[in-house]
Amino acid sequence: MERVCLPYLRDAQNEDGGWGFQHGSQSRVEPTAWALLALSESADDAAARATALGLQYLLRAQLTDGSWPAAEGQEKGCWVTSLACLTLISQPQFRERLARGIRWLIDERPGEARRWFRFLRRLSGARRTLAQNDYYYGWSWTAGTASWVEPTAMALIVLRNSPAVLLPAQVQRRIQLAEAMLYDRMSPGGGWNCGNPLVYGVPGEPQVCQTSWALLALRDHPDRPEVQKSLDWLETSWRRIESPGTLALAHIGLNLLGRSRPDVRTALCSFYEKNEILWNIPAVSSTILAMSEKHKWLNRSDSRMKS
Amino acid sequence: MPRAAPSLLPPYARPCSRVAIRRATSYQADLEALLYETLREFDLPVREKTVLLKANLVGLDSRCVTNTHPAVIAAAREAFLRLGAAEVLIGDGPSMDRDSQAVVESIRLREYAGPLSRTFVDLNVDDVERVVLKTHASRLKELYLPKTVRGVDFLVSMPKLKTHHWAGVTLSLKNMFGIVPGGCYGWPKNVLHWAGIDNSILDINAAARPDFAIVDGIIGMEGNGPIQGDPTPCGVLVLGDDPVAVDSTCARVMGLLPERIKHIARAATLLGHMQPEKISQLGESIESTKTPFAVLKEFNALRQPRIAE
């Protein structure tokens with residue numbers, strides 16, 4: 001990690017302070033947030049300088065409504081708002097920016113939250129195609145579209161970890177609906193795919209990334225049978241993972257829910273030693289986060305302050 | 001140099017299109033020779049150009065039944081290089097899984113096409129540029145599209161021959177959903193579903209019309225495609241210089257009526273030919289390769305009527 005991943009991350013920072021998805025590409029909010037989360041695990045001066053520049057990029061990219069766009073020039077915010085907020089939780093000097101991001105997240109409702117939409121779906125018979133409860137909703141990838149597992153999980157993690165003073169009273173209702181949505185969208189045998197557990201009655205295959213995100217969002221319910229079943233599924237899928245980004249995320253999910261894999265370091269290193277990977281900032285960053293074992297970025301703000 | 005803006009022409013102003021059907025019964029066949037010989041017949045302007053093969057990599061696929069088979073992708077790459085292309089890139093933006101490396105590893109693309117670090121472009125996370133849509137078929141006014149797609153000289157759509165539970169079929173036109181970057185729109189690219197799948201297909205293809213299409217129909221997918229359907233041996237590769245003509249031909253091979261497949265019928269008003277008399281047929285005939293595909297009951301109306309014995 002020290003020889004390969006951290007230097008790659010530092011070299012890939014653009015002059016504007018942000019990171020692109022790959023070395024030399026346009027700065028974007030998502031890879032910048034990932035890089036900042038990864039650098040937060042490092043205590044050296046170079047990391048501190050890179051973090052300061054990166055945070056400035058992130059603050060410049062925030063839209064006036066508090067959200068963040070996926071690409072420069074886009075006028076509407078989207079799921080990357082959760083990742084940006086996750087980064088700012090550990091930065092008390094930017095509390096007001098974080099508060100605006102959280103407000104946007106709470107106000108942002110997916111398309112199926114609208115009553116007329118649910119009415120039309122009932123009329124159209126679409127509920128027979130996709131077996132899901134439309135009364136539960138979470139967060140969408142882009143404004144006004146449907147809830148999906150990953151953006152819902154990311155938003156839940158932000159709301160779980162943010163300082164309580166920044167959360168309005170109605171947040172509990174959003175959290176309950178979103179958690180219910182995740183349980184509703186779980187695949188019948190455990191685990192999650194992007195959010196369609198059954199299409200035309202056929203079970204969708206769960207995927208490691210989405211399962212890991214959902215488990216991280218539901219980690220306060222470790223004893224729920226759905227969580228245990230999904231952890232079992234993730235453990236059995238471990239050997240089939242063929243990329244460092246997914247492996248790192250799976251490790252973080254298993255580790256935080258008490259099913260750590262001692263062989264993760266070897267497995268991750270072998271990907272980078274073979275150098276047969278498609279380098280990208282989120283994958284490298286999640287590798288750093290997986291190897292650090294501290295997982296500060298997933299701690300509640302209050303507990304972080306105490307530590 | 002950005003790609004020239006695609007020409008939107010009504011059928012009466014468009015010259016005839018050419019489509020070739022080639023028999024290939026297995027992925028172990030000499031596909032490179034087959035594709036090279038066929039592509040030569042088209043006399044394509046690819047010498048010293050950059051070509052992008054836009055494969056259909058939907059998601060993880062260890063059985064290799066949902067994604068374009070790596071043997072076909074690798075053979076096409078070699079064939080274009082033999083035709084004198086300066087560079088042949090392989091790209092897609094998988095819609096169901098954000099980890100593109102996991103997707104390409106699941107189909108063993110590296111074993112067929114060699115090291116991918118310089119040849120594979122993850123279109124989900126490529127640099128993007130804002131493109132104002134011209135056709136306004138959907139309610140989308142603009143899309144952020146990958147610079148690689150906009151910048152290459154020659155764009156090839158390389159789908160798998162499949163049915164699709166929302167669009168009826170997914171062929172070279174629907175395959176272009178994959179150029180819409182997940183890094184801007186998520187996984188899946190749900191904004192396209194909300195804007196209307198059929199109309200979004202038209203808007204995307206009008207913004208980045210493929211110059212050529214190669215459809216992997218050696219083993220297709222019928223029923224509840226594009227992921228949960230059943231593998232169906234069809235034994236063909238379908239190639240052509242017009243994505244609408246290629247998709248219309250493929251639909252006929254699948255025993256379906258292209259006139260009833262909304263996105264093909266709409267694309268035929270601006271982007272290419274659907275009518276058989278406007279398609280110059282090379283290689284095998286449609287009749288000799290016809291393999292009726294099962295469809296979900298919602299799409300029964302797409303099926304060609306059976307002729308009484």
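**Reading a strand**

Guide: In S8(B), B:Lys160, B:Lys162 and B:His164 point one way, B:Leu161 and B:Thr163 point the other way, and all are buried. This is a predicted model, where local features need pLDDT of at least 70, side-chain atom pairs count only at pLDDT 80 or more, and totals for chains, interfaces and linings use all residues. Residues are numbered from 1 along each chain as its sequence is written, while chains are lettered from A and ligands numbered from 1 in the order in which they are written.

Visitor: What do strand and buried mean here?

Guide: Strands (E, at least two residues) are DSSP runs, numbered from the N terminus. A residue is buried if 20 or more other C-beta atoms, placed from the backbone, lie within 10 Å of its own, exposed if 12 or fewer, and partly exposed in between.

Visitor: Why is S8(B) largely enclosed by the rest of the structure?

Guide: Five of the five residues of S8 (residues 160-164) of chain B are buried, so the strand is largely enclosed.

Visitor: Which strands pair with S8(B)?

Guide: Pairing takes at least two DSSP bridges between two strands. S8(B) runs parallel to S10 (residues 212-222) of chain B, with two bridges. There, B:Lys162 has B:Met221 as its bridge partner. With S9 (residues 168-170) of chain B, the pairing is antiparallel, over three bridges. B:His164 stands opposite B:Gly168 in S9(B).

Visitor: How many residues does the hairpin between S8(B) and S9(B) pass through?

Guide: The hairpin joins S8(B) to S9(B) through three residues.

Conventions
Helices (H or I, at least four residues) and strands (E, at least two) are DSSP runs, numbered from the N terminus.
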